[in-house]
Amino acid sequence: MSGRKRFFVREIDYPEMSEAVLDGEEFIHAKTVQRVEEGTEIILLDGSGKEYSAIVAKISKHSLTAHITGGWDGSREPKTEIYLLCGALKGDKTELAVQKATELGVGRIGIFSSEYCSAFMNANKIERLNKVAREAAKQCMRSRAPEVVYFDKFADALNSAKDYKNKLFACEFAKQSQTDIMSINGSAALAVGSEGGFSEKEFAFSQELGFSSITLGKRILRAETAAVALTALVSYALGELR
Ligand code: SAH
């Protein structure tokens, strides 16, 4: 990672408050992995899109206090909101999709269960996915990490995309796309199925909700490949990755 180490903290009210406390996992990471010491200059992120320069003032057993010296708007966040909805995947594949989507700039991630989905999710796994998103966000110098949420009902997952201008449904059995990805503008929600793919019923429901089916070509991609490829294409169409 280039430059000063970056850490997520709770909301910062700067310049009203010029001290910030780092605790929990971020503190342990700072102390044991990043070897932060008193006097080290760091960057604090509070998830608002702002970044703060700070100097570590005091390290105690379970937390550290840093003195904030400046704040600015992060310049690496995408201009347009992308929401990735992805079926729960087996093994560590969901983590892979979350990590890559975060690097590509998504603002929000929903993991869902569906008819042909055989992966299992629980609160711990979702917490772990949020951690993966935070780590990926720091590594690629973002100032926000996408929140990862879970939907155990497929309908709730698709309904959560209702306010997005573009709603795209990666459909492995679609012969052609109903929307040209390269011509979209405005916010976009992207739905990608799990290893088992989507059912005809799920496809029909997505159409009712105004999703456009998208083909990613003649080959059947693994779910995580499809999630990364579609996110990259949409990011590019919206002016990112260039
Ligand atoms: N088990 C399914 C494939 C699922 S692929 C089968 O055998 O047909 C997992 C997900 O990746 C799909 O639900 C879809 O969202 C996406 N995907 C994979 N290949 C795709 C393609 N060629 N076009 C559109 N979406 C694709």
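**Exercise 1.** What does the accessible surface of the protein come to, and what share belongs to carbon and sulfur atoms?

*Solution.* The model is predicted: local features need pLDDT of at least 70, side-chain atom pairs count only at pLDDT 80 or more, and totals for chains, interfaces and linings use all residues. Residues are numbered from 1 along each chain as its sequence is written, and side-chain values use heavy atoms, with hydrogens and water left out. By the Shrake-Rupley method with a 1.4 Å probe, where for residues only the protein chains shown count as cover, the surface is about 12300 Å². Carbon and sulfur atoms hold 49% of this area.

**Exercise 2.** Why does the radius of gyration of the protein agree with a compact globule?

*Solution.* Take the radius over C-alpha atoms; the globule rule is 2.2 Å times the number of residues to the power 0.38. For 242 residues a compact globule would have a value near 18 Å, and the protein has 20 Å, which agrees. The C-alpha trace spans about 60 × 35 × 30 Å along its principal axes.

**Exercise 3.** Which residues of strand β2 lie on its covered face, and which on its uncovered one?

*Solution.* Strands (E, at least two residues) are DSSP runs, numbered from the N terminus. In a regular strand, side chains alternate between the two faces of the sheet. Strand β2 covers residues 19-23. A20 and L22 form the covered face, while E19, V21 and D23 form the uncovered one.

**Exercise 4.** How do β2 and strand β5 pair, and over how many bridges?

*Solution.* Pairing requires that DSSP finds at least two bridges between two strands. β2 and β5 (residues 63-73) are antiparallel, with five bridges. D23 has S63 in β5 as its bridge partner.

Technical notes: Buried < 20%, exposed > 50% of the residue type's maximum accessible area, 1.4 Å probe, protein only. Helix = DSSP H or I, 4+ residues; strand = E, 2+ residues; numbered from the N terminus.
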